[in-house]
4 protein chains.
Amino acid sequence: MKVSVIGATGYAGAELLRILSNHPEVEVAAITSESHTGTSIAEIYPHLVGFYDKKLTSMNDLDQFADSQAVFIGLPHGHAMAIGRPLAEQGIKVIDLGADYRFHDESIYEAWYKVEHTHRNSGAVYGLTELYRQKIKTASIVGNAGCYTTASILALAPLAKSHLIDTKNIVVDAKSGVSGAGRGLSQNVHMAEMAENLKAYSIAGHRHTPEIEQALQEISGQDSLISFTPHLIPMSRGILSTCYATLQEGVKPEDVDQAFYEMYGQEFFIRLLGRGGYPAVKHTRGSNFCDLGWHIDSRTNRVIVVSAIDNLVKGAAGQAVQNLNVMFGLDEGSGLKQVALYP
Amino acid sequence: MKVSVIGATGYAGAELLRILSNHPEVEVAAITSESHTGTSIAEIYPHLVGFYDKKLTSMNDLDQFADSQAVFIGLPHGHAMAIGRPLAEQGIKVIDLGADYRFHDESIYEAWYKVEHTHRNSGAVYGLTELYRQKIKTASIVGNAGCYTTASILALAPLAKSHLIDTKNIVVDAKSGVSGAGRGLSQNVHMAEMAENLKAYSIAGHRHTPEIEQALQEISGQDSLISFTPHLIPMSRGILSTCYATLQEGVKPEDVDQAFYEMYGQEFFIRLLGRGGYPAVKHTRGSNFCDLGWHIDSRTNRVIVVSAIDNLVKGAAGQAVQNLNVMFGLDEGSGLKQVALYP
Amino acid sequence: MKVSVIGATGYAGAELLRILSNHPEVEVAAITSESHTGTSIAEIYPHLVGFYDKKLTSMNDLDQFADSQAVFIGLPHGHAMAIGRPLAEQGIKVIDLGADYRFHDESIYEAWYKVEHTHRNSGAVYGLTELYRQKIKTASIVGNAGCYTTASILALAPLAKSHLIDTKNIVVDAKSGVSGAGRGLSQNVHMAEMAENLKAYSIAGHRHTPEIEQALQEISGQDSLISFTPHLIPMSRGILSTCYATLQEGVKPEDVDQAFYEMYGQEFFIRLLGRGGYPAVKHTRGSNFCDLGWHIDSRTNRVIVVSAIDNLVKGAAGQAVQNLNVMFGLDEGSGLKQVALYP
Amino acid sequence: MKVSVIGATGYAGAELLRILSNHPEVEVAAITSESHTGTSIAEIYPHLVGFYDKKLTSMNDLDQFADSQAVFIGLPHGHAMAIGRPLAEQGIKVIDLGADYRFHDESIYEAWYKVEHTHRNSGAVYGLTELYRQKIKTASIVGNAGCYTTASILALAPLAKSHLIDTKNIVVDAKSGVSGAGRGLSQNVHMAEMAENLKAYSIAGHRHTPEIEQALQEISGQDSLISFTPHLIPMSRGILSTCYATLQEGVKPEDVDQAFYEMYGQEFFIRLLGRGGYPAVKHTRGSNFCDLGWHIDSRTNRVIVVSAIDNLVKGAAGQAVQNLNVMFGLDEGSGLKQVALYP
């Protein structure tokens, strides 16, 4: 099948190309970039030499997508809606890696992203594969889950679903490598300043907060309220999310274990390290895995769940391909069963 | 004045030597190491060439400390008590960088460290300078505060003291560079495995937990209970502590601000970045500063405080020298007023 | 076909398992380790969970290799000969990732490695695929090329072959990530000490020196003498080799270009960045590519060639699989056409 | 004494402020920046909070320098000449950290820097302290030595002076942390792309080449010709320079040793690790030291010298202060005797 990638020069776009080059069922048709139209993608990303020598086109030429069965969108939020609508209307499946199609209640999107939502009632499905698989199968548009949100929701979903925790009293302390900040230049990502550095940002205001709350509410059927704090870590890739929740009265450690094994026992891309397990981001580097470990703090009656992913794979391009596989009835792991790069 | 350093080959010991070489009032007498007796300290740490060419001695020869007015101890926990007692009995002031003298209730020490406490009722004072300065002035033995604990207690103390938070419902998510794991070798600190890696450890069981709780209880006069999670970060030095506490009813953002400025407004080594401020560990690298910023999350009614220190300076050797200065009536910043190494 | 891996717990062994899991024609039979016999490989390397759950066996049970058509050996030098001989005698193809089978003149091996060579006249072929492909096709034993040597020989071979340089006046300044030092623990690879650090080692005595000289002599038909200096770089993976050679009289820049394009123009795994090109190790990370760029310094009449590889892939496990493919008549890139992990 | 800093917002300027804050004889008067005039320096560099709260001024107001006895200039090349001339004419000593005053033959400067030299015959002295100390004492203008050049010249000077090497056949392979590329933003220094990366740049054309040659010619009285290759290393600070020279006939290892000990035996800031020594940049981090080790490769008749410095200290701001001390008859190490930050 043919697919196209809109907005290919960002890190998520480049990562999509990396993964798709290894996908046995997929051929990449158009690759677009408004800022580098006419340039070869391999000039911008020399690691792609030998795999892609296509010239970047403008997304505004819709004809080029005519023989694509699916189009991935890697644009900044607020820009996917304008191109997503005509593509969907042409019957092309859309997988948006940005935030435009992630919210069921567009007013939440508008409140947090400060942008008018211009493609309401699109029927988009939230693209966190393990939790929304059935709906993704028949979706026309998938709003691929965010990076922090994938790590955090996967960590908390079993507990929320089994009503083991108070979903209104959760702290999510998340840590990301600097590729999460994108390819754009800023003093924040200048290596001289960020090497051997570490800091929090967007406290109490990061836009992944309502996305996590939306998912936990849907899974638990209860209101959810979280304090979410992202941090910048001196490394390229990887997210570790440390999630703290208060256990409901009477919950036993075995109940917690059971919740995880029941929900994820059959999932290939979720590796359960068990109670007492310590995921390390490097074990997921370059792979589509989410590694999970959980701990009971009996002194404080909290459960602490730690999850590790590669922010550009399971947190972006890998999960997008996983969703593609689900949408088209392919083996869900097709093109994705790569071992992490370690050490 | 003369001082000696027992257990000088660990990172805290080496950092003490770095700082003391710049201290105008101090001369280093004996430097000891049981594992490298007879070796020159500069052979082990070539960055000290030009400053120290002393041979390492064994601490068991007590005579060598006779003309030292103070002795720093940089031994693993459980070993400082045996040497601390005879030193104190000889009238030599003791500053222990380990955990042996940090707890007022030795049974807590014994429960968390699994070691019998053999120097009870030593009169030791907890060495977190800004909070215990008055007692440190006249102390014979100071149990220098731990690295994570210094960062975490300084972040929460103003809120605890002013009764603005529920001291029994606190989450402290702390992140440390690998020097915090010590100089010993392990797969955990092998650079090939730890570069571009990130992980939590000792969840619900780290020994700095009761130390933080002890301080918050004394400051607030109320029970304290925290969930403390340390993380290993791919960098050499630095700690960032992200602390989450629930605000008491009716607390206003200005109350929070006031608590910080009242408590720390005159402190040289605590830099208040204010409400909305984001400390970065690199701004404290190699310096004795603790940088603090705080944030109100009105949606969840939490206050989030972020603190940054250099784990080997304010978190160990720097604070030890600060305590020395206080104990001997010197300018508290003597030898410590160095700008951080940035970038 | 079935293959086995002897000495799988080192980094090269683990990398072999990563690559082989993606190889469509290969199934892994036995995985051995003398130090961890009985343990699951995924316990030691959790990134392999989901791909390998085999228990590690002892290599001394030769029967377990009976249905393997080829065996990879990842043992320290001096140990491959003892197991290589019986395997070869049983008609099993051997690919040794160590140094034991790299030298045509065993006395050179003995002089540099200080070990007696006990498997002389083994008929082993030197496993630098692009240069020895024809011989590798029919080899029973391949001595897989070293990491520094692969990068350095590929950089200089076209110039040596075309007699454009003085092969007795070459400087090779090479830089490697710390995984090149192996998985063993030492202060050298302690992250607190090696992060933000950089140093040379084994000057004028590194064992890859005679290996480079051997290849250049064979290619040029002339004596070769190089000064080789390896450096440890604060990163996990990757080698950059900067090679300086004096041009023979009258050599023009176009002659240099032609030498590279003639020799490597059809090679998939060698990417020519051209005259003026600057390879970066990260563009090869996790891939089997060797990127090459060359520069003419007309002031000094030198040509400077820069090559970049991933030390564990093209410098070890990837090239081993490339050799396997050649030995068994498979597509040479089978299992190896993966895009580098960037950023 | 009062001094001022022109162009304080670059890394060298900020480092100057760090060092000067610890200098017992110096008070900083004006701090200028054309791009951030009116901003506080501590807003740009929060690590300076507590030490500097001055507002940045424009350098064009010459009156503000009237009570400064010396002015440091941290401007891009080509800009120091315009301000250096009027300052010198007012009798203010000038220490330029850029290239404008480094060349005795301005035509070499013009050829390599592509800028007209507008302050010829300025009487400027080259500011590599250990080699030009006598002239620096009475200089009005000092052209502070470059970072790569300081490391490389100090490595080769004893051999050039003692005529032990062929000064026309030298290879200098140098490696620098990314702060050497300055504070400006570029994809090259984006941490996501530069972490775990490594590359060469400016081969056969880097502007530090003629600066090294000039010094070696003056020291040896012979022509000098070098191939100089700089590399970008994934770390913030530090330079390692690996220098290869061919020994003259009959030179013995002891002659090499003697050359180093004779020239540098009494130098505090040059630490001789001896024949066989391996400098590591981290041992010099934040300090003004240059660590040197040398090796004889008898097979190739080469001497290989390795030198390590902190590019922002001995390679820029530290040496500038060292030169200030010499110019004003202060203790040469005043403000500079700080132990490196290790680990």
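User: I have the model open. Where is P343(C) found?

Analyst: P343(C) sits in the segment after α10 (313–327) of chain C. Keep in mind that this is a predicted model.

User: How do I read the backbone there? Which residue is joined to P343(C) by a cis peptide bond?

Analyst: Start with the general idea: most peptide bonds are trans. Here, Y342(C) and P343(C) are joined by a cis bond, with omega at about 0°. Now turn to chain A. Y342(A) and P343(A) are also linked by a cis peptide bond, with omega about 0°. P343(A) lies in the segment after α10 (313–327) of chain A.

User: Is K114(B) buried or exposed?

Analyst: Exposed means over 50% relative accessible area. K114(B) has 68%, so it counts as exposed.

User: And E196(B)? What is its phi, and where does E196(B) lie?

Analyst: E196(B) has a positive phi of about 60°, and E196(B) is not a glycine either. Its place is the loop between α7 (191–194) and β8 (199–200) of chain B. For burial, the cut-off is under 20%. E196(B) has 4% relative accessibility and is therefore buried.

User: On to charges. How many salt bridges does the structure hold?

Analyst: To call one, look for a side-chain nitrogen of Lys or Arg within 4 Å of a carboxyl oxygen of Asp or Glu. Over all chains, the structure holds 72. One of them pairs K175(A) with D173(B), with the closest N and O atoms 3.0 Å apart. That pair crosses between chains: K175(A) is in strand β7 (residues 165–177) of chain A, and D173(B) is in strand β7 (residues 165–177) of chain B. Both K175(A) and D173(B) are buried.

User: Which residue does R183(B) pair with?

Analyst: R183(B) forms a salt bridge with E193(C), and the closest N and O atoms are 3.1 Å apart. R183(B) is in the loop between β7 and α7 of chain B, while E193(C) is in helix α7 (residues 191–194) of chain C, so this pair joins two chains. E193(C) is buried, at 6% relative accessibility.

User: Now chain D. Which parts does the salt bridge between E332(D) and R133(D) tie together?

Analyst: First the distance: E332(D) and R133(D) meet at 2.8 Å, N to O. E332(D) is in the segment after α10 (313–327) of chain D and R133(D) in helix α5 (residues 129–137) of chain D, so the bridge ties parts 199 residues apart in sequence. E332(D) and R133(D) are both buried.

User: Last, symmetry. What rotation superposes chain A on chain D?

Analyst: Read the angle and the shift together. A 180° rotation with 0.0 Å of shift along its axis superposes chain A on chain D, at an RMSD of 0.0 Å. The two copies are thus related as by a two-fold rotation axis. In chain A, M191(A) has the C-alpha nearest the axis, 2.1 Å from it. The same surface serves both copies: 100% of the contact residues of chain A recur in chain D.

Definitions and conventions. Residues numbered from 1 in each chain as written. Chains lettered and ligands numbered in written order. Predicted model: local features only at pLDDT ≥ 70, side-chain atom pairs only at ≥ 80, totals over all residues. Heavy atoms only, no water. Least-squares fit on C-alpha atoms with pLDDT ≥ 70 in both. Contact = heavy atoms within 4.5 Å. Helix = DSSP H or I, 4+ residues; strand = E, 2+ residues; numbered from the N terminus. Buried < 20%, exposed > 50% of the residue type's maximum accessible area, 1.4 Å probe, protein only.
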